[in-house]
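Trainee: I am new to this structure. Could we go through it by asking what stands behind each label?
Mentor: Gladly. Let us look.

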Amino acid sequence: MSTAGVPRPREGRQARQGPAGLTDRELVAHVTSPRALCTGAGVDPDDWFPITAEAAKARSQAARALALCAACPVRAECLELSLRHWNDIGQHGVWGGLVEADRRCIREQWLTGASVTELLWPVEATAVSSRSPERPAVPAAGWHG
Ligand code: SF4
């Protein structure tokens, strides 16, 4: 997978770690591995593509997917891949346990250097909020269905 044209967070912030330090190829390997809970049989692809853009309704429509994602060990890698590829494959559907509307909310923070782990988990998100008071609240329960 090429990284050409992929928006990347601004440089100058702390060294990026975790999923941000992985290449696209490595991220894809994570989200297509047996560890990803959406791989294998028994998963209905329709669960990952709510038909509405409105956040609350989309979460309801994707509830089964979001429940699976909530326990997925590669959730952060999945979210990172989605945000890197927002303009091609990463915008639509459920990625990293978030529907499109919720990912759209956090994408601006990600683009300014917030890590997906900061954005996914409320305790870490609170710490980031204290550095950026204008930052919109993360929908704490939303991505768990
Ligand atoms: S976070 Fe959800 S969509 Fe992403 S790999 Fe895990 S189960 Fe699949």
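Trainee: Leaving aside neighbours within four places in sequence, which residues is Leu83 in contact with?
Mentor: Gly90, Arg103, Arg107 and Trp110. Two residues are in contact if their C-beta atoms, placed from the backbone, lie within 7 Å. A word on the source: this is a predicted model, where local features need pLDDT of at least 70, side-chain atom pairs count only at pLDDT 80 or more, and totals for chains, interfaces and linings use all residues. Residues are numbered from 1 along each chain as its sequence is written.

Trainee: Why does Leu83 count as buried?
Mentor: Buried takes 20 or more other C-beta atoms within 10 Å of a residue's own; 12 or fewer is exposed, and in between is partly exposed. Leu83 has 27 C-beta neighbours inside 10 Å, so Leu83 counts as buried.

Trainee: Where does Leu83 sit?
Mentor: In helix H4. Helices are DSSP runs (H or I, at least four residues), and strands are runs of E with at least two; both are numbered from the N terminus. The chain has 7 helices and 0 strands.

Trainee: What makes the buried residues of H3 line one face of the helix?
Mentor: Start with the residues: Ala65, Leu66, Leu68 and Cys69 are the buried ones of H3. Seen down the axis of H3, they fall within an arc of 160°, so they line one face. The arc is taken from the directions from the helix axis to the C-beta atoms. These buried residues pack against helix H2 (55–61) and helix H4 (75–84).

Trainee: What makes a set of residues a nonpolar core?
Mentor: Its members are buried Ala, Val, Leu, Ile, Met, Phe, Trp, Tyr and Cys residues, joined through C-beta atoms within 7 Å. The largest one here has 23 residues; Ala62, Ala65, Cys78, Leu79, Val94 and Trp110 touch the most other members. H4 gives the most to this core, with 5 residues.

Trainee: Which contacts does Cys78 have, leaving aside neighbours within four places in sequence?
Mentor: Val31, Trp95 and Gly96.
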